[in-house]
Amino acid sequence: MSSPTDGQTRYNELRSTLGGVTVEGQAHSLSAWFVLALRLVIGFAFLYSGVEKILGGFAAQGYLGNVAATNGNPLEGMFLWMSQTPWFVEFVNVAVPWGEVAIGLGIIVGLLTRLAAFFGALMMLLFYFGNWDMAHGPINADFMYMLVFLSVAAFGAGRILGLDQYVEQYEIDGEPFIEKYPQLGLILG
């Protein structure tokens, strides 16, 4: 493989097997910049949304009780239960805005990136069902945001100009952190 400074194009090999099916390909070295851009954009979007909710006041009860009932949502009963359960409403009133801030910050600085992306994808899945609308098919903005979070996690975006690369290489007893505790690769990167 040639270095990017000698005028040649560099490719990264991609290969994965899932359920007995193998896919493979090559990603151009410029892909790292696009993965970084995805990480920063989705991180900023979530940070901004969370700060806006915190500063503007956020109340989930109306959304939980009304939106799902008006759009043929298959989880209408669950959203209705959520809206009628005071402790759950209070939890959501705190978890959504502060969760968005924490997810956004984690994604932007690239720290615990896969963990933050997992919770971002989970939140977007819940928003997907909350905002259920099949007028234009099953794919909407919430679904696309969920895929961006999953892409950030899959590509280990926290290793690209992120703090995860430093955490993973930090040495404990002369051994890189990620080698000493490889299971933490599920939340870092």
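How many helices and strands does the protein chain have? The protein chain has 8 helices and 4 strands. This is a predicted model, in which local features need pLDDT of at least 70 and side-chain atom pairs count only at pLDDT 80 or more, while totals for chains, interfaces and linings use all residues. Residues are numbered from 1 along each chain as its sequence is written, and side-chain values use heavy atoms, with hydrogens and water left out.

Figure 1. Helices (H or I, at least four residues) and strands (E, at least two) are DSSP runs, numbered from the N terminus. The C-alpha trace of the protein chain spans about 60 × 40 × 30 Å along its principal axes.

**Figure 2. Helix 3 against helix 4.** The two axes come within 6 Å and cross at roughly 90° (axes are lines fitted to C-alpha atoms, for helices over the stretch in contact, and angles run from 0 to 180 degrees between N-to-C directions). Helix 3 is therefore roughly perpendicular to helix 4 (65 to 115 degrees; under 35 is roughly parallel, over 145 roughly antiparallel and the rest oblique). Trp-81, Met-82 and Ser-83 of helix 3 meet Trp-87, Phe-88 and Val-89 of helix 4, where contact means heavy atoms within 4.5 Å. By class, the residues of this contact are 5 nonpolar, 1 polar and no charged (Ala, Val, Leu, Ile, Met, Phe, Trp, Tyr, Cys and Pro count as nonpolar, Asp, Glu, Lys and Arg as charged, and the others, Gly among them, as polar).

**Figure 3. Helix 4 against helix 5.** Helix 4 (residues 86-109) packs on helix 5 (residues 113-130) at an angle of about 140°, with the axes 9 Å apart. The two helices are therefore oblique to each other. Residues in the contact include Gly-99 and Ile-103 of helix 4 and Ala-116 and Gly-120 of helix 5. The contact residues divide into 9 nonpolar, 4 polar and 1 charged.

**Figure 4. The lining of the largest pocket.** A pocket is an open set of points on a 1 Å grid over the protein atoms alone, where a 1.4 Å probe fits, with protein on both sides within 12 Å along at least five of seven lines; lining residues have an atom within 4 Å of a point. Of the 20 lining residues, Val-92, Val-96, Met-123, Leu-126 and Phe-127 lie nearest the centre of the largest pocket. Helix 4 gives the most to this lining, with 7 residues. The lining has 17 nonpolar, 2 polar and 1 charged residues.
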